[in-house]
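Please look over the model below. The report that follows covers a helix, a strand with its partners, and some backbone angles.

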Amino acid sequence: RAKEAEKVISEAIAQKITYFDCARVYADSERYYGAIWGNNPGLRKSIFQASKSASRDRKGALKDLEETLERLQTNYLDLWQIHDVRTIEDIRIISGPGGALEAFLEAKDTGKVKAIGVTGHHDPRILTQAVNDWPVDSVMIPVNPVEGVLAKTRPDAFLSSTVTAAKEKGVSVVAMKTLGASHYIYPDAEITADLLIRYALSQQVTVVIAGCSTPEHVRTLADAGRNTTILSENQKQELERAFEPHVSKLAYYRGVL
C-alpha cells in the first residue's frame with residue numbers, strides 16, 4: 001500500500017506534524033516512511049521518528065534495530081520503544097541477563113537512538129512496574145474515555161498509577177488507542193474523532209498519536225491538535241458517562257480488566 005501511505009505521510013508533513021510512529025512488526029510501515037525520508041534527507045532532521053522492537057532478547061532487539069534503520073533509511077531513531085509489554089514474565093526476560101533492555105541501553109549509549117521507551121495496553125500494573133524499574137524516557141499507554149472511567153475507581157489504572165509513576169520520574173507519556181481503532185466514533189451521538197483526540201489532549205500526556213489511513217484522517221488529527229480549547233472537567237465527565245455502560249466491551253485491547 002505504498003501509494004496510499006505516501007499520500008498519508010505527505011499530508012502529515014504538509015500539516016506540520018512532526019512525530020511519526022511505526023514498529024518493526026507493523027507490516028511495511030518502516031519502509032513507507034523510509035521511502036519519504038530517503039528521498040528527502042533534509043526532511044529527516046526536522047521530524048521525530050519513533051519505532052519499536054517486540055524482541056525480548058538482546059540479540060533479537062539489536063537485529064531489529066539494524067533492520068529498522070535500514071528500512072527507515074536513517075542512521076538513528078529519536079525514540080526506540082520496547083513493544084507491547086504484557087506480563088511479569090516479559091519484565092523478567094527483558095530486564096534479565098541477555099534481555100532486550102541491554103540492547104536498548106547500548107543503542108542509547110552509542111547514539112543510534114536518542115531516547116528509549118516502553119509500550120503496552122494489556123495490563124497497567126505491568127507498565128507501571130516498567131516505568132518504576134527501567135531507565136526509560138517515555139511510556140506509551142491507552143488514553144481514552146474508557147480509561148478515564150476505569151481511573152475513577154481503580155488505583156492501578158493507566159490514567160492513575162502509570163501516569164503518576166511517569167510524572168514522578170519525569171517520563172514522557174505517549175497517548176495511544178485514542179480513537180479505539182475507530183470503534184469509539186459515533187457521529188449520531190456526537191462522539192467524533194476531534195472530540196476523542198481533544199479528550200486525550202486534556203489528560204496529563206506529552207503527545208497524542210492516532211492511526212491515519214487517509215489524508216482526511218490526517219487533517220482531522222492536525223485540526224484537533226491546533227484546537228487549543230481542551231475539554232473542561234464537565235465535558236470530560238459527560239463523555240465518560242457515555243462510555244461507562246460499555247467499558248467491558250470497549251476495553252477490547254486489555255488482557256485484564
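## Helix α11

In α11, the buried residues are Pro215, Val218, Leu221, Ala222 and Ala224. Buried means under 20% relative accessible area, exposed means over 50%, and partly exposed lies in between (1.4 Å probe, protein chains only). Helices (H or I, at least four residues) and strands (E, at least two) are DSSP runs, numbered from the N terminus. The cover over the buried residues of α11 includes α1 (2–14) and α10 (193–201). Contact here means heavy atoms within 4.5 Å.

Helix α11 has 12 residues (215–226) and should span 16 Å at 1.5 Å a residue. Its end C-alpha atoms are 16 Å apart, which agrees. The expected span is 1.5 Å times one less than the number of residues.

This is a predicted model: local features need pLDDT of at least 70, side-chain atom pairs count only at pLDDT 80 or more, and totals for chains, interfaces and linings use all residues. Residues are numbered from 1 along each chain as its sequence is written, and side-chain values use heavy atoms, with hydrogens and water left out.

## Strand β2 and its partners

Of the 6 residues of β2, 5 are buried, so the strand is largely enclosed by the rest of the structure. Two parallel pairings involve β2; strands pair if DSSP finds at least two bridges between them.

| Partner of β2 | Bridges | Opposite residues |
|---|---|---|
| β1 (residues 19–21) | 3 | aspartate 21 and alanine 50 |
| β3 (residues 79–82) | 4 | glutamine 81 and lysine 52 |

Together, β2, helix α4 (residues 58–72) and β3 form a right-handed β-α-β unit. Right-handed means that, with the strands pointing away from the viewer, the path from the first strand over the helix to the second runs clockwise.

## Serine 51

Serine 51 sits in β2 (residues 48–53). Its relative accessibility is 0%, so serine 51 counts as buried. Its side chain makes a polar contact with the side chain of glutamate 30 at 2.7 Å. A polar contact is a pair of N or O atoms within 3.5 Å; within protein, one must be able to donate a hydrogen and the other to accept it, and residues adjacent in sequence count only if both atoms are side-chain atoms. Leaving aside neighbours within four places in sequence, the contacts of serine 51 include Cys22, Thr68, Leu77 and Trp80.

## Positive phi

Lysine 16 is not a glycine, yet its phi is near 70°. Lysine 16 lies in the loop between α1 and β1. It is exposed, at 68% relative accessible area.

Serine 182 also is not a glycine and has a positive phi of about 75°. Serine 182 lies in the loop between β6 (172–176) and α10. It is partly exposed, at 44%.
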